[in-house]
Amino acid sequence: MSMTVQQRPDTAYVHGVFEQLMYVITSTEQASASNFKFRYIADVYVGGVMVSRVKVFPNTAGAGVFRVDKLLVPHFSTTNAYQDTTAGTVVQTNTIFNTGGVGGATTKVFSSSNGESVRQIEMRFKQEYASSATANPVIDTVNKIDGEYINLFMSAGLTRLNTWDAGIKSYTSDNLWTTVHNMDSFRDLFLSDRQTANTQGFTSNLVSSISPILVEVEYKQPYVLGFFNDNTAPFGSTLKSIYVALYNSSNVLLDSRNFIPGTDGGVENTAVSADKDKLQFFGCGPGNFDTQTVDTTFRDFFVNEQVAYYEVCGVTGTTTTPSATGDLVSTVYRFNINTCKSIYQDDDYTKMYVAWQNSLGCWDFQTFRLRHDYADTISRKSFDQVAGNWNTADAAQDFEYRGTQGGTRIARVDATQELTATTDLLQDADVAVLETLMLSPQVFLISAADGLGVTPITVTDTGYVKKRRVNERQPFLYQIKFKYAKQRPTTKGGTFRGLS
């Protein structure tokens, strides 16, 4: 007598928690005519604690079918709070975007997972049945299945080249899509929705056969790249360090360095034990590098604004200088530092720098350099008051009409500030990234002052048109509407009471 798992998510791969994750269970007890009121049971364990139990009746074939992703989603989250400190309010004032020392949270360049973005979940399956049609069912504690583990992260699993419909159909057959993030090959990617090599003709200075992914940044701006950093299956990361090379506008190498997880913050991939360390972040924006103290000589090139661009890639060793694809465990990212000013850029507005939770549960960033408009959406709650000095009439003063008192009064004013931002000129690859901004559940406006101010906002646009070169000439401009997540503070008039 036994239970058997006939179908499960492929344990050889990492899965997105928003994928369709199916288990099909059969049991020899179910087929017995002497067992009544039979039901299959699925228990969900997070961190060794049971958090959910579901019971289903057998289908017409006698199997129990469980779609478990709906049970798992509530136990995953992404926060921008810095996780590598327990110093009270420091967690609130120093966000993950500030990895690198901004605000004093850390002087390192790596940090662990920001929240509950990666988890190993255990599924356990049982069965219950009764000995007769009138008896109560009892859980079978002998014939059961324990130890069904799934490694999951905060993704919907729709970042594929085929259409969304085809992607949904292939949920149970295409498990390979996450392997491009394993960090064990020169084609692998950090956990960013910027995944397309540049079309502007840039080639890597480090490995000339690679066309790097292009990222536009400015001085003082923070930027973080998330990456899997567990060397055990199903992750299999072989990343030992992240190599960064700095160049001036004449393509002369200014400085370079291997930043090492475990030494420069975070955890080395062979020392990972907790779920939070399986996903780590590398602070690689100018605002991160100019505040870290791992290498002050390296830092000063950013402080003195001598860097025109720099290349970032994962490599196989702690001292590796990449010169061939065999040295790499990721593709190359080229960060161009934009110091130009558009003739269309308003002098009296600071540029908008936006961070958002991307489709992989990490963070992407975009600067809106051109004009942006502010508007207030205002609503008022009013009431009618007696038109006269009703509040001060007494034995010494008769009631009389006065034009400054009474009539329609405002009890409360609610105001929400909205803004319309205009992007810089974008290429095809940037257009695809903006789509994930439109779909993001978490968006933040980051202050220009080293990212110290982080303000929650929401996207209010309800439609998005993906522009393509085949339809119109590139580069492209986009306007996106945002709303501050918190209302603008307002006052109220009140009623004079004559109290001393």
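Start by selecting residues 352-357, strand β20: six bridges join β20 to β21, and the two run antiparallel. Strands here are DSSP E runs of at least two residues, numbered from the N terminus, with helices being H or I runs of at least four, and two strands pair if DSSP finds at least two bridges between them. Before you click on, note that this is a predicted model, where local features need pLDDT of at least 70, side-chain atom pairs count only at pLDDT 80 or more, and totals for chains, interfaces and linings use all residues. Residues are numbered from 1 along each chain as its sequence is written, and side-chain values use heavy atoms, with hydrogens and water left out.

Now pick Met-352, whose bridge partner in β21 is Phe-368. Five residues sit between the strands of this hairpin, and Gly-361 takes a positive phi near 80 degrees.

Next, select 363-368. Six of the six residues of β21 are buried, so the strand is largely enclosed by the rest of the structure; buried means under 20% relative accessible area, exposed over 50%, partly exposed in between (1.4 Å probe, protein chains only). Trp-363, Phe-365 and Thr-367 point one way, Asp-364, Gln-366 and Phe-368 the other.

On to salt bridges (a side-chain nitrogen of Lys or Arg within 4 Å of a carboxyl oxygen of Asp or Glu). Show Arg-488 and Asp-376, which meet at 2.8 Å, N to O. Arg-488 lies in the segment after β26 and Asp-376 in strand β22, so the pair ties together parts 112 residues apart in sequence.

Last stop: Arg-67 with Asp-69, 2.9 Å between the closest N and O atoms. Arg-67 is partly exposed at 36% relative accessibility, while Asp-69 is buried at 2%.
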